[in-house]
Amino acid sequence: MSLKRRRSHYQQLTEFERGRVVGLREGGFSFRDIAERLGRNVSTVHDCWQQCSREGTASRRPGFGRPPGTTERDVHCVRRMAVAHRTASAAEIRAAVGTTVTQRTFRNRLLQGQLRARRPVSCIPLTPNHCLLRCEWCQARAHWRTE
């Protein structure tokens with residue numbers, strides 16, 4: 001099992017579960033017993049214990065990379081605005097919310113909420129009666145020739 005995969009198992013534990021792993025392990029329980037009690041993989045419990053013995057703490061290390069450009073409040077506001085104004089474009093919603101993030105980030109936040117980018121409707125949709133009248137008009141002139 002690769003290190004990356006093992007690390008992802010370890011990240012599934014909550015802070016409380018990490019504390020339980022350390023406490024139970026110090027109490028003499030085996031990795032298998034602890035894993036059964038928590039309903040987790042043995043490798044996950046083992047990785048948690050290894051990290052605790054290596055670093056002296058059961059808490060997670062801070063994440064790597066750049067922090068997100070939007071807060072949870074911004075994301076919530078964007079999603080609420082997109083649902084409330086169904087015909088508004090993504091650029092219009094972005095301007096209304098007033099976020100300074102890029103357009104790509106904005107679209108990603110919409111996609112995370114299963115909301116697709118929208119464009120305003122350019123024309124009025126035809127009713128079934130309009131469709132029928134247009135079809136009759138076209139059929140009446142289908143065999144005309146230019147003279």
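A residue counts as buried when its relative accessible area is under 20%. In this predicted model, F106 has a relative accessible area of 1% and is therefore buried.

F106 belongs to helix α7, which spans residues 103–112. Once its neighbours within four places in sequence are left aside, F106 is in contact with V78, A90, I93, R94, T99 and V101. T70 lies 36 residues away from F106 along the chain, and the C-alpha atoms of these two residues are separated by 8.9 Å.

As to the chain that holds this residue, it has eight helices and zero strands, so that read along the sequence the pattern is α-α-α-α-α-α-α-α. Of its 147 residues, 24% count as buried, and its accessible surface comes to about 11500 Å², with 53% of that area belonging to carbon and sulfur atoms. Where contacts link residues at least 6 apart in sequence, 57% of them join residues at least 24 apart.

Which aromatic rings have the charged end of R25 over them? The charged end of R25 sits over the ring of F31 and also over the ring of W49, with the distances to the ring centres given below.

| Charged residue | Ring | Distance to ring centre |
|---|---|---|
| R25 | F31 | 4.0 Å |
| R25 | W49 | 5.9 Å |

Aromatic pairs, by contrast, number zero in the structure.

Key. Residues numbered from 1 in each chain as written. Predicted model: local features only at pLDDT ≥ 70, side-chain atom pairs only at ≥ 80, totals over all residues. Heavy atoms only, no water. Helix = DSSP H or I, 4+ residues; strand = E, 2+ residues; numbered from the N terminus. Buried < 20%, exposed > 50% of the residue type's maximum accessible area, 1.4 Å probe, protein only. Contact = heavy atoms within 4.5 Å. Areas by Shrake-Rupley, 256 points an atom, 1.4 Å probe, with all protein chains shown as cover. Phe/Tyr/Trp six-rings, centres within 6.5 Å; stacked < 30°, edge-to-face > 60°. Lys NZ or Arg CZ within 6 Å of the ring centre and 35° of its normal.
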